[in-house]
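Please read the following report alongside the sequence and the coordinates. It moves from the chain as a whole to individual residues.

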Amino acid sequence: QVQLVESGGGLVQPGGSLRLSCAASESIFRFNVMAWYRQAPGKQRELVASITSGSSTNYADSVKGRFTISRDNAKNTVYLQMNSLKPEDTAVYYCNAKGWPIATIGEHWGQGTQVTVSS
């Protein structure tokens, strides 16, 4: 039932920065984990970063030290600040929300936003 809408993607040069936003249609308190995934052409979707309802964070090794996930509960929004971007960061980035019990909360995905890192 929850809707997730990503924004903030675009074209950026290597070394540049972007901030992605994921706006939820309802309170993000319902979800145990919110996360950002990405999928490059011809590759599997991979977890980039996650944040729990208790604000614990985890990052893929490839983005540690460069990306920061955060949440604004008042705005029902999760962010992904991406710094020092590399061409290999090019992908469609998806917002994900997951909670339990699975039958009443479940897992939800946004539509994705394109990030292209190129000179």
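The model is predicted, so to speak of local features a pLDDT of at least 70 is needed, side-chain atom pairs count only at pLDDT 80 or more, and totals for chains, interfaces and linings use all residues. Residues are numbered from 1 along each chain as its sequence is written, and side-chain values use heavy atoms, with hydrogens and water left out.

**Overall fold**

The chain has zero helices and eleven strands, where helices (H or I, at least four residues) and strands (E, at least two) are DSSP runs numbered from the N terminus. The radius of gyration, taken over C-alpha atoms, is 14 Å, close to the 14 Å that the globule rule gives for 119 residues, so the chain is as compact as a globular protein of that length; the rule itself is 2.2 Å times the number of residues to the power 0.38. Along its principal axes, the C-alpha trace spans about 45 × 25 × 25 Å. Buried residues make up 42% of the 119 residues, with buried meaning under 20% relative accessible area, exposed over 50%, and partly exposed in between (1.4 Å probe, protein chains only). Among contacts (heavy atoms within 4.5 Å) between residues at least 6 apart in sequence, 55% join residues at least 24 apart.

**The disulfide**

Taking a disulfide as a pair of cysteine sulfur atoms within 2.5 Å, the count comes to one. This disulfide joins Cys 22 to Cys 95, with an S to S distance of 2.0 Å. The two cysteines belong to distant parts of the chain, 73 residues apart, since Cys 22 is in strand E3 and Cys 95 is in strand E9 (residues 91–99). The torsion about the S-S bond of Cys 22 and Cys 95 is about -80°, and the disulfide is therefore left-handed. Cys 22 counts as buried because its relative accessibility is 0%, and Cys 95 counts as buried at 0% as well.

Four bridges join E1 to the antiparallel strand E3 (residues 18–24), where strands pair if DSSP finds at least two bridges between them. In E3, Ala 23 is the bridge partner of Val 5.

Ala 49 lies in strand E5 (residues 46–52) and counts as buried because its relative accessibility is 0%. Leaving aside residues up to four places away in sequence, Ala 49 touches Met 34, Ala 35, Trp 36, Asn 58, Tyr 59, Ile 69 and Leu 80.

**Local features**

Arg 45 lies over the faces of two rings, as tabulated below; a charge sits over a ring if NZ of Lys or CZ of Arg is within 6 Å of the ring centre and within 35 degrees of the ring normal.

| Charged residue | Ring | Distance from ring centre |
|---|---|---|
| Arg 45 | Tyr 94 | 3.8 Å |
| Arg 45 | Trp 109 | 4.7 Å |

A cis peptide bond, with omega about 0°, joins Trp 100 and Pro 101, and Pro 101 lies in the loop between E9 and strand E10 (106–109). Ser 84, in the loop between E8 and E9, has a phi near 50°, a positive value in a residue other than glycine, and counts as partly exposed because its relative accessibility is 40%.
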